[in-house]
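My notes follow in the order I checked them.

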Amino acid sequence: VRVGVLGGGQLGRMLALAGVPLGIEVRCLERTPDAPAAAVAPLTVGDPGDPEVLAAFAAGVDVLTYEIEGLPEPALAQVAASTPLRPGLPSLHAASDRWLEKQLFAGLGIPAARTLPVSDRTGLAAAVRELGPCLVKTRRGGYDGRGQVAVRGEADLPAAVELLPAPGGLVAEELLAFDAEVSVLGARGLDGAVATWPLPGNVHRDGILRTSRPPAPVPARVAAQATTYLTQLLTALDHVGVLALELFVVGGRLLANEMAPRVHNSGHWTIEGAETSQFEQHLRAVTGLPLGCPAARGSVAMVNLIGTAPDAAAVLAVPGAHLHLYGKEPRPGRKLGHVTVTAADEATLSARLAALATVLP
Ligand SMILES: Nc1ncnc2c1ncn2[C@@H]1O[C@H](COP(=O)(O)OP(=O)(O)OP(=O)(O)O)[C@@H](O)[C@H]1O
Ligand SMILES: [Mg+2]
């Protein structure tokens with residue numbers, strides 16, 4: 001089976017690696033020849049946004065999936081008529097736009113921070129008056145906290161105004177003082193079966209994910225609620241593949257942040273930490289294979305490597321540390337890799353994470 005992945009970043013790279021033992025050939029379509037996936041997968045160099053490039057790429061694979069969002073939907077709808085696209089267009093459509101995403105949540109009764117769409121200066125001022133302190137975000141194309149401006153008072157408005165030319169416009173979201181961030185990831189198979197992983201608690205700094213560690217710091221009832229929200233989304237979208245939902249925990253309540261219709265950074269711990277990794281599960285789902293068991297094995301946490309690469313030998317000297325480098329040039333704020341630390345119990349894991357922290361840049 002040949003799976004075509006739109007995008008060839010680290011997610012494409014890890015999908016390709018997961019395909020090898022299953023006999024699934026992963027190919028990637030990516031603009032730059034030296035993208036992370038190139039080291040492990042045949043890479044077609046081209047713009048996934050170009051309908052002709054897309055059609056030619058699709059013709060050489062059995063099923064199409066993606067590791068990026070913001071893809072050209074009309075062109076994808078055309079190729080999907082002959083090559084199945086999984087997850088399908090409804091998932092991609094909703095996840096590509098923060099306002100549509102919030103409307104989808106609202107329609108399913110999934111609570112989220114108060115959010116208003118903003119398309120001009122007047123709308124921006126009105127949203128800030130209505131919401132108070134807020135986070136202004138581009139509706140499309142943001143990642144790792146890019147395209148976001150916190151507005152706590154008048155003085156912050158000019159920076160938010162600068163976001164206004166963004167294609168698709170903006171949203172303003174109430175700025176939450178959350179107790180924790182969690183995410184829930186799961187997959188839905190071609191047959192409609194759903195498998196969800198234990199939730200990790202996630203820590204971000206400067207808008208970038210730093211660590212993910214299951215189980216999330218919430219009562220079982222709250223974790224079950226998050227899993228129900230994810231399952232509702234999977235079903236409503238007729239989703240096939242992995243879906244991630246990021247949530248804030250505020251006073252014991254869950255508020256949805258955003259979703260990703262693909263494998264997700266907060267699921268990287270599943271490579272060593274779960275019976276079935278998110279990458280294997282995504283491939284199983286999109287190729288119509290049965291889903292695997294998502295249970296965690298022992299204690300596990302994932303730490304992102306951002307901006308500067310650590311000394312590999314020092315990382316690997318930490319017991320239970322598993323190093324994943326993406327083959328990217330170091331640059332401030334760039335995700336260069338991650339380390340997953342495993343242990344038999346939580347106390348040992350905490351000690352190992354403390355040891356790891358001393359050798360990270
Ligand atoms: N309404 C909010 N109130 C408080 N903090 C927020 C809010 N929205 C986002 N943040 C913080 O900023 C982080 C990044 O925001 P968000 O998930 O919207 O951005 P992103 O650029 O799409 O990130 P990514 O795609 O890397 O997950 C969140 O994980 C959270 O820490
Ligand atoms: Mg996010």
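This is a predicted model: local features need pLDDT of at least 70, side-chain atom pairs count only at pLDDT 80 or more; totals for chains, interfaces and linings use all residues.

I began with the side chain of Glu 246. One of its N or O atoms is 2.9 Å from an oxygen atom of ligand 1. Next I looked at backbone atoms. A polar backbone atom of Glu 174 lies 2.9 Å from a nitrogen atom of ligand 1. A polar backbone atom of Tyr 143 is 3.5 Å from an oxygen atom of the ligand.

Then I asked how much of the ligand the protein covers. On its own, ligand 1 has 620 Å² of accessible area, and the protein covers 90% of that. I looked up which elements give two or more residues to the shell. They are β6 (134-138), β8 (170-174), β13 (241-250) and β14 (253-260).

I also went through the shell by residue. Ligand 1 is surrounded by 20 residues. The closest are Lys 137, Gly 145, Gln 148, Glu 181 and Glu 258. By class, I found eight charged, six polar and six nonpolar residues in this shell.

**Entry 1: the second largest pocket.** I read its volume as about 270 Å³. The pocket is lined by 13 residues. Closest to its centre are Arg 205, Val 303, Asn 304, Leu 360 and Pro 361. Three elements came up as giving two or more residues to the lining: β12 (208-213), β15 (299-306) and α12 (346-359).

Which element gives the most to this lining? I found that it is β15, with four residues. The lining has eight nonpolar residues, three polar and two charged.

Entry 2: I took Ser 266 to begin with. I found Ser 266 in the loop between β14 and α9 (270-273). Is Ser 266 buried or exposed? Its relative accessible area is 1%, so Ser 266 counts as buried, the cut-off being under 20%. I then looked for a partner. The side chain of Ser 266 makes a polar contact of 2.7 Å with the side chain of Ser 183.

Gln 281 came next. Gln 281 sits in helix α10, which runs over residues 278-286. I read 0% relative accessible area, so Gln 281 is buried. A polar atom of the Gln 281 side chain lies 2.7 Å from the backbone nitrogen of Gly 292.

**Entry 3: backbone checks.** Where are the cis peptide bonds I noted? One joins Arg 86 and Pro 87, with omega about -5 degrees. I placed Pro 87 in the loop between α3 (73-80) and α4 (89-95). Another runs from Pro 214 to Pro 215, with omega near -5 degrees. Pro 215 falls in the loop between β12 and α8 (220-236).

I then looked at phi. Asp 144 has a positive phi, near 50 degrees, and is not a glycine. I found Asp 144 in the loop between β6 and β7 (148-151). Asp 206 has a positive phi near 50 degrees too, again in a residue other than glycine. Asp 206 lies in the loop between β11 (201-205) and β12. Why do I list Asp 206 as exposed? Its relative accessible area is 67%, and exposed means over 50%.

**Entry 4: two distances.** I looked up Gly 201, which is in strand β11. Gly 201 is buried, at 13% relative accessible area. I took its distance to Gly 252, 51 residues apart along the chain. Their C-alpha atoms are separated by 14 Å.

I ended on Val 194, in strand β10 (residues 194-196). Val 194 has 34% relative accessibility, so I recorded it as partly exposed.

Note on methods
Residues are numbered from 1 along each chain as its sequence is written. Chains are lettered from A and ligands numbered from 1 in the order in which they are written. Side-chain values use heavy atoms; hydrogens and water are left out. On a 1 Å grid over the protein atoms alone, a cavity is a set of points where a 1.4 Å probe fits but cannot get out, and a pocket is an open set with protein on both sides within 12 Å along at least five of seven lines; lining residues have an atom within 4 Å of a point. Grid points are joined across faces, edges and corners, and a volume is the space filled by probe spheres set on the points. Ala, Val, Leu, Ile, Met, Phe, Trp, Tyr, Cys and Pro count as nonpolar, Asp, Glu, Lys and Arg as charged, and the others, Gly among them, as polar. A residue is near a molecule or strand if one of its heavy atoms lies within 4 Å of it. A polar contact is a pair of N or O atoms within 3.5 Å; within protein, one must be able to donate a hydrogen and the other to accept it, and residues adjacent in sequence count only if both atoms are side-chain atoms. Accessible areas come from the Shrake-Rupley method with a 1.4 Å probe; for residues, only the protein chains shown count as cover. Buried means under 20% relative accessible area, exposed over 50%, partly exposed in between (1.4 Å probe, protein chains only).
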